[in-house]
Amino acid sequence: MSDKPLAGIKIIDFTHVQAGPACTQMLAWFGADVIKVERPGSGDVTRGQLRDMPDADALYFTMLNSNKRGLTLDTKQAAGKEVLERLIKESDVMVENFGPGALDRMGFTWEHIQSLNPGMILASVKGFSDGHHYEDLKVYENVAQCAGGAASTTGYWKGENSGPTISSAALGDSNTGMHLAIGILTAYIGKQKTGKGQKVAVSMQDAVLNLCRVKMRDQLRLDKVGYLEEYPQYPHEMEAFADGVVPRGANAGGGGQPGWILKCKGWETDPNAYIYFTVQGHAWGPICDALGKPEWKDDPAYNTPRGRQPHIMDIFATIEDFIKDKTKFEAVDIFRKFDIPCAPVQSMKELLHDKSLIASGTIVEVPHKVRGSYTTLGSPIKYSGFKPEITASPILGEHTDAVLAELGYNAADIAAMHASKAV
Ligand SMILES: CC(C)(COP(=O)(O)OP(=O)(O)OC[C@H]1O[C@@H](n2cnc3c(N)ncnc32)[C@H](O)[C@@H]1OP(=O)(O)O)[C@@H](O)C(=O)NCCC(=O)NCCS
């Protein structure tokens, strides 16, 4: 028996693009037998999107589908439906993120799935929740970031590019997948007690909004107080609060600790020569020491958050002046000695070659049949009892025959299914 915690759990991975695959990939890392079901001939659309090598699965696919097995199945053909039914009878979980109603149109309603396997956990991602006035909409990442409130609260509140802004972090896709993974494991634990499966659904809008909790907090505060004291608009641009809507706060700290992105040596030519600096209240003394400003320690215009806020941007300008001849790494090396929460702005290139991330298994190189190997992101969750080992994403239909044989089909059945393109 494998030491991986989810070994023995069988998951039908009827997902595509990012939100669903990110969820099932994580469960596969932790030991579940994840069988990715794809349309014969084409497969997940991401296999061919943004290719960096001709005729090889794109990184879009390989980075979201590691550790899985691959089964091709045309679930609109009778033979394909029959295979899926057998698979449902033998599996613990089915995950899907098709457009609204697609699974029902295929004939796999929740009632039908339950009749095949009352213990089945059916996990779905949709753009909006069931019964929502937008439930019929198809949704991609950026659509969800807009629908879930992230875009309205991200970016600058003034200037040429001050409109709603999308984050490059996959708040709509992978984040929803992570929520779904929690939902699946919760339902699985529930099933140990009741013996029954259940339907688990996460909407991308809800998952984005769940991460925008502090912005909803701010809306509730704004409704009561009329302004937001920690926002960069306070107190010099109070008109930003006049419409009673949470304004975009650019790079301000989202909690009670003001912060900002500060320029370091070389920012004129290096787009990432910056650090994030946080003015943590109780670290004020160390900050003054780090900056060589001991006189700020007892000055009422500086020694309380309220005293500092009216001129917080001037304080950041002073810190910027202090680090203008230091690289972002040198600046952090100074501030870390004073226990100040800060970090360099890291580029993708820097992260890709980061020794610590490679050592921890967050950045990994995976052997692959067609690509030779590919670099991917490993598990962000680390365990003391086992180390998630990342293996290659499957070639389209790589495990079709093996999975069909496990389901009891003989060689002639399998050949017939290939001939009719059901697999
Ligand atoms: C992502 C999304 C917009 C893509 O839309 P799309 O490319 O039009 O694909 P759909 O999911 O609607 O599926 C298209 C069809 O393929 C069919 N299909 C998928 N796999 C199949 C298979 N193995 N065999 C036969 N048919 C298959 C579906 O049944 C569906 O058919 P129908 O609409 O004719 O009934 C849509 O799937 C969606 O909104 N998903 C939910 C939200 C989500 O997860 N979005 C984020 C993705 S990262």
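Five bridges join β7 to strand β8, residues 274-278, and the two run antiparallel. One of the bridge pairs is Lys-263 with Tyr-274, the latter in β8. Before I go on, note that this is a predicted model.

The sheet these strands belong to is open, has three strands in the order β7-β8-β9, and is antiparallel in its pairing. β7, residues 259-263, and β9, residues 342-344, are the edge strands; each has a single partner, so one side of each lacks a neighbour in the sheet. From one strand to the next, the twist averages 20°. Across β7 and β8 lies helix α12, residues 312-323, at about 35° to β7.

Now the charged side chains. The whole structure has 22 salt bridges. I will take three of them.

Glu-90 pairs with Lys-10, with 3.7 Å between the closest N and O atoms. This one links distant parts of the chain: Glu-90 sits in helix α3, residues 78-90, and Lys-10 in strand β1, residues 10-14, with the two 80 residues apart. Lys-10 counts as buried because its relative accessibility is 14%, under the 20% limit. Glu-90, at 42%, is partly exposed.

Next, Asp-321 and Lys-324 form a salt bridge, their closest N and O atoms 2.6 Å apart. Asp-321 is partly exposed at 45% relative accessible area, while Lys-324 counts as exposed at 53%.

There is also a network: salt bridges with shared partners join Arg-217, Asp-218, Arg-221 and Glu-230. Within it, Glu-230 and Arg-221 meet at 2.8 Å, N to O. Glu-230 is buried, at 14% relative accessibility, and Arg-221 is partly exposed, at 26%.

Note on methods
Residues numbered from 1 in each chain as written. Predicted model: local features only at pLDDT ≥ 70, side-chain atom pairs only at ≥ 80, totals over all residues. Heavy atoms only, no water. Pairing = 2+ DSSP bridges. Helix = DSSP H or I, 4+ residues; strand = E, 2+ residues; numbered from the N terminus. Axes fitted to C-alpha atoms, helices over the stretch in contact; angles between N-to-C directions. Contact = heavy atoms within 4.5 Å. Salt bridge = Lys/Arg side-chain N within 4 Å of Asp/Glu carboxyl O. Buried < 20%, exposed > 50% of the residue type's maximum accessible area, 1.4 Å probe, protein only.
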